[in-house]
Amino acid sequence: MTASQSSTSHGPARSTSPWMPHLARIASVKHEAPGIATYRLELEDAALRSTFQFLPGQFNMLYLPGFGESAISISTDPQLRGALGHTIRVAGNVTQALARMKPGAQLGLRGPFGSSWPVEACRGCDLIIACGGVGLAPLRPVIYHVLRHRGDFGRVHLLYGARTPGDLLFTDEYDAWRGGGIEVNVTVDLGDENWQGQIGVVPVLFQRLRLNAPNTRMMTCGPEIMMRFVVHEALTRKMRHEHIYLSMERNMNCALGFCGHCQLGPAFVCKDGPVFTYQQMEPYLNVENF
Amino acid sequence: MPARTLPLGCSVVLAKDELQTLIDRLRQRGYRTVAPQVADGAIIYDDLDRIDRLPLGMLDEQDGGRYRLRRDANAGYFDYVVGPNSLKNYVFPPREPLLEAQRKDGQWEMQTIEPPAERLAVIGVRSCDLHALAVQDRVFLEGPYVDPAYKARRERLLLVAVNCRRAAATCFCHSMKTGPAVKSGFDLALTELEDSFVVEVGSERGGEILAECDWIPATSQQAQQAQETPRRLARQMAERATAAEEGANRSSAQRSLDTKDIRDLLLGNLEHPRWQEVAERCLACGNCTLVCPTCFCSVVEEVSDLTGDHVTRERSWASCFTADHSYMNSGAVHKSTASRYRQWLTHKLASWIDQFDVSGCVGCGRCITWCPVGIDLTEEVAAIREEA
């Protein structure tokens, strides 16, 4: 039930064990916001480095021996070879350990895994990219794709929210995104003395949109509660269920469909997702504790 | 001179004590032999090289939350049904290392760990467990990724199946269409008669090994008796289940499960009050998931020495009844026992069909027997169906 382009052509090599990580090194660490940094990881194997491909929205399993693995989406441009960006919020054991690591440090990487944002299926359409917090990270590759193929899309809106202005990610890129023809609309839950922009949750940003529903596609990633309300806004504006794409989060322990933890109804989020259509998720999204 | 092999599908007769020769031949070919035996008041699978350790003359009584062994002079070698463990324990062991990482001079070296290269023959496997193995094959071998450890164990597995002559009250393979007759996926299949075994050849290597035993051709009467054995049991199970449905009391009676539209029934009733009702009895202990021959959830954990330079990644069985199972940094998704039981049952009987094109339940009844409070999934489904 892959929502978009199949991951099969961009999966790890079959000849080796799917449990075997590639070795990688931290090329750079960029502080993005309190508790959030982007780690650019360089695969040690030169041949692999030049052939490693991923699609927007796919993720890697980052492995720190002794701490474990963590599923992290790739936040850099799929067209660029070399270091792979992973924008990580410090939350659990693995990410805490990662936060203590410096450039040059070694770690393991398996991937890429999962379904991707359907950028090809969205050609010719208006696009809404609605995200909250670190949910912008898996959508940044879509933004790069849009900038590179701007003529393929109609109007493109980024609706992005964070708790405070200091929590907004990639702020140094917004001007370039705007310059490239993306309407960047930002909101925060709580402003500070310098904040001149919108205050409120992400769904509030829909109020300004003139939406041509039949020709609009939406991609959303963020806390589940945010996505539920964003979807509600889209449905209120007559968008179709199959034109709304969500990136779901569940406990991903293996990324191979073996461990069973990431199930969401019929789906394994790791291999059938993380990107799903709302049509696929609708029966389950509003069921409590499911 | 005896034949060097026996062809696929052919049935011959072995005297009862010739089972020892079969075990000996398997061992001579380098197979570790595992068979049912009594341990801790139950019949389990374990290593066995002498047939006098098989539970001849033992029967099991199973019911919701109840398992008892008793002697019966009329019982044969295999008249008990399934115990708490299954083939799962051998192809997907409760704990196994997957990967090793070693740090030398600040450099990590990693290598995957292969399972021991031993051949394994399991004797006494029932039809439900053969189906369960086929279900696990779909998980570990037939998806986008292949689990190398499972694959290695699976390829070295030889199965000597047994046609059941008796069913426990908790058995409902007749509902799941997974038994009682052994039909495929075996190397040899035994049917116990009064004074002999009729043995059917299910694979080439099975035929070769059987040819090395002191077999005699089956008479048409023996062949017919063997064929009739599981058919008679299937009829008995269906009759008893119908009688149980007509009577008010389901416990101690033959279980059955109405699988009609079961996927939509369960996934269409995610907010049914029955989930809360069963949660008031469920201890969320996870026993059902451990004894289930198809439950495949696992967790990989780091096992490190004190220096942190030697790390093994170990996979162990996990259960959807724990908070940990669905835990994310934002908290557990399945917060309540109701949501965990719902996850288990809807996965087993409904979403499994979406995922693997087959039910996750083979009707072995282990989850009913080994539930400490006797929760019976057939009863839970019936309740949801009744009040849907």
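This is a predicted model: local features need pLDDT of at least 70, side-chain atom pairs count only at pLDDT 80 or more; totals for chains, interfaces and linings use all residues.
Local features need pLDDT of at least 70 and side-chain atom pairs count only at pLDDT 80 or more, while totals for chains, interfaces and linings use all residues. Residues are numbered from 1 along each chain as its sequence is written, and chains are lettered from A and ligands numbered from 1 in the order in which they are written.

In chain B, 8 strands form an open sheet with mixed pairing. Their order is E3-E2-E8-E9-E10-E11-E1-E12. Helices (H or I, at least four residues) and strands (E, at least two) are DSSP runs, numbered from the N terminus. Two strands pair if DSSP finds at least two bridges between them. The edges are strand E3 (42-47) and strand E12 (216-217) of chain B; each has a single partner strand, so one side of each lacks a neighbour in the sheet.

Strands E8 (residues 119-125) and E9 (residues 157-162) of chain B run parallel and are joined by 5 bridges. Here Ile123(B) stands opposite Val160(B). Helix H1 (residues 19-28) of chain B touches E1 (11-15), E2 (31-39), E8 and E11 (196-201). Its direction makes about 135° with that of E2(B). Helix H6 (residues 204-211) of chain B touches E1, E9, E10 (188-192) and E11. The angle between the directions of H6 and E11(B) is about 145°. Axes are lines fitted to C-alpha atoms, for helices over the stretch in contact, and angles run from 0 to 180 degrees between N-to-C directions.

E1(B) is antiparallel to E11(B), with 5 bridges, and to E12(B), with 2 bridges. Ser11(B) has Glu200(B) as its bridge partner in E11(B). Val12(B) stands opposite Pro217(B) in E12(B).

Helix H7 (residues 220-246) of chain B has 27 residues. H7(B) bends by about 30° at Glu228(B), and Pro230(B) follows within four residues. The bend is the angle between axes fitted to the seven residues ending at a residue and the seven starting there.

The contact between the chains takes 40 residues from chain B and 35 residues from chain A. Elements giving two or more residues to the chain B side include helix H3 (127-140) and helix H11 (337-356).

How values were computed: Two residues are in contact if their C-beta atoms, placed from the backbone, lie within 7 Å. The expected span of a helix is 1.5 Å times one less than its number of residues.
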